[in-house]
Amino acid sequence: MILTRENILNFVITAGLILVPIYAVIVEEPFTITLATRAVIFSLAAVGLNIALGLGGMVSLGHAVFFGLGGYTMGILAFHAQSYIPLFEWPILIEGTKQMLVVWPLAMIISAIAAFVIGLLSLRTGGVYFIMITLAFGQMFFFFSISWSAYGGEDGLSIYVRNQFPLVNTLVPIQFYAICLAILMLALWINARLAKSSFGLALSAARQNTERVRNVGLDPTSIKLVAFVISGAITGLAGALFADLNRFVSPTMFSWQLSGEIMVFIIIGGIGRLYGPVLGAIIFVTLEHFLGGISEYWLVFLGLLLLLIVLFSRGGLVGLLVGRERVHE
Amino acid sequence: MNKTILKTYNLTKNFGALRASDKISIDLRVGEIHGLIGPNGAGKTTLIAQIMGGLKPDSGLIEFDGTDITSFTTESRAQAGLGRTFQISQLAMDQTVLQNVVLGTVGERGGVWNFWRPVLAIQELRERAMESLSDVGLADKAATPVSELSHGGRRQLEVAIALTLNPKAFVMDEPMAGLGSDGSKKMTIFLDNLRTRAPILLVEHDMEAVFALSDRISVLVSGMVIATGSVDQIRNDARVRKAYLGEGS
């Protein structure tokens, strides 16, 4: 790997994500670990959106759909497992589960299917219409979850015990954190590889100029659709982890505010930059904690920060710190 | 006579009351450059858009390499072997020159669904892309971001991308536009040699270039082809002189 300023910054952020929770264990501040876990899970959700938004230029204001679907996949499976009521008895018996290794793929598959359907319909449009349609889908899921009383409706679902992972005690905060961080790192690796692949090149070209892509014989819509599905699956996985962190799922996971927040992480950090979503989510969670403790109007400060970044740095904070992205190597 | 590769039959397109294409029948033969000229608003761009699939004709047919492609999408036409350059450059501005050309090789060779392998590390694609860049004289600019490339460089890049597709025919919309006399001359020499690789349907405002390059010329006025013929025939055609060339003299 070439030692660019961006790589150094990414390394520093990664080191921070490893060292801060270790420090928190040593000084016995478990709440810091919870905050860090929250930041890492939000990062993962935003890494998912960044593939659609940053690489593919798809401004989705409905990514909470996937976050929520991941959360409810986990919540519903756990609910059936803890109440010993099977999910289905016919045609085959399907019971709930508390195994992360079962929950995660399911959360990703369900989110991916939803992303495929939403993408298929939304990608017929562009610009503001795309934003509005994805937002509309988000609201549909939000209101559906409110009215679905079998799974808590407005009150949401509580899960008594965190899901299990082989050889790991997930109830120990640092161990659960390690799982989340490992997944985030894996997602970032996949994102980095994808960006440099043939698919990434075509996706990025489709963002910049669809005519160009068409005239080399490639279909920009199907390329974007596949990116949207990958994006939704990653955000869905983040949703499953988020539900496990809080041991609670509720319709707010589907809310458009959450879609907006995920997008804000990316804008703060840097649209299309590999670590942009990570930096953005860390800053959001940090501000939420410290400023939120001072004033309930802390979002005003966040708004101010967002405004400054949008006005003065097109590459977000990553762009501000390390300059423009190197397009070639 | 050489084989016909691209042919339109009675292509008609209306925009409301305006007939932009009026029963246009033209053909492009292997080995030739077919110049398409006409005053502003004659319907050249509309015709190109129909041939490339951006616009759907109201009636008429487009045949390419023996296949009726009238209902093909733009991407299927490109796959079938129609290489195009645009009047206004259509490029991925944030990418490098090389990345833009490699995209062309991905389109031609397939492999767009490869999510893992770094595309610039695929030797076969890279070599093919560099070959095209050398052909148009842009090899030394491979690492330059397109946004920093000169206007002339972008025109050359468009041609390089079209070359990677190994097209059976080129459709070029004003490749000389904005090139300046030096650039124009270079492009003329380049296109002159290109016709042996694939025939070119050339829309161009630069009359000197069109008359120097074309084997045949069609003249489009008000959506109608008023004459098709050799350079001499067109020069001496009374209708053409009256309707078009006469304007300037």
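This report walks through some helix packing, sheets and an aromatic pair in a predicted model.

## Before we start

Because the model is predicted, local features need pLDDT of at least 70 and side-chain atom pairs count only at pLDDT 80 or more, while totals for chains, interfaces and linings use all residues. Residues are numbered from 1 along each chain as its sequence is written, chains are lettered from A and ligands numbered from 1 in the order in which they are written, and side-chain values use heavy atoms, with hydrogens and water left out.

Helices (H or I, at least four residues) and strands (E, at least two) are DSSP runs, numbered from the N terminus.

## Helix α9 of chain A and its neighbours

Let's begin with α9(A), which covers residues 220-246. Helix α7(A), residues 198-208, packs against α9(A) at about 110 degrees, and the axes are 9 Å apart. Axes here are lines fitted to C-alpha atoms, for helices over the stretch in contact, and angles run from 0 to 180 degrees between N-to-C directions. That makes α7(A) and α9(A) roughly perpendicular (the label for 65 to 115 degrees; under 35 is roughly parallel, over 145 roughly antiparallel, the rest oblique). The crossing is left-handed, meaning that the near helix is turned anticlockwise from the far one by less than a right angle; clockwise would be right-handed. Nonpolar covers Ala, Val, Leu, Ile, Met, Phe, Trp, Tyr, Cys and Pro; charged covers Asp, Glu, Lys and Arg; the others, Gly among them, are polar.

Helix α4(A), residues 100-122, also packs with α9(A), at about 140 degrees and with the axes 7 Å apart. These two helices are therefore oblique to each other, and their crossing is right-handed. A:Trp104 and A:Phe116 are among the α4(A) residues at this contact, and A:Phe228 and A:Asp244 are among those from α9(A). The class count here is 17 nonpolar, four polar and one charged.

## Strand β1 of chain B

Over in chain B, β1(B) (residues 4-15) has several partners; strands pair if DSSP finds at least two bridges between them. With β2(B), residues 18-24, the pairing is antiparallel over four bridges, and B:Leu11 has B:Ile24 as its bridge partner. The two strands form a hairpin with two residues between them, and B:Gly16 in the turn has a positive phi of about 60 degrees.

β1(B) also pairs with β3(B), residues 27-29, in the antiparallel sense over three bridges, with B:Thr4 opposite B:Arg29. Five bridges join β1(B) to the antiparallel β5(B), residues 59-64, where B:Leu6 faces B:Phe64.

## A six-stranded sheet in chain B

Chain B also has an open sheet of six strands with mixed pairing, in the order β7-β8-β9-β4-β10-β11. β7 (82-85) and β11 (224-229) are at the edges with a single partner strand each, so one side of each lacks a neighbour in the sheet. Neighbouring strands are turned by 15 degrees against each other on average, direction ignored.

## An aromatic pair in chain A

Across all chains, a search finds 20 aromatic pairs (ring centres of Phe, Tyr or Trp, using Trp's six-membered ring, within 6.5 Å; planes under 30 degrees apart are stacked, over 60 edge-to-face, the rest tilted). One of them, A:Phe141 with A:Phe254, is stacked, at 5.8 Å centre to centre and 25 degrees between the planes. This pair links distant parts of the chain, 113 residues apart: A:Phe141 is in α5(A) (127-147), and A:Phe254 is in the loop between β2 (248-249) and α10 (256-269).

Key: Contact = heavy atoms within 4.5 Å.
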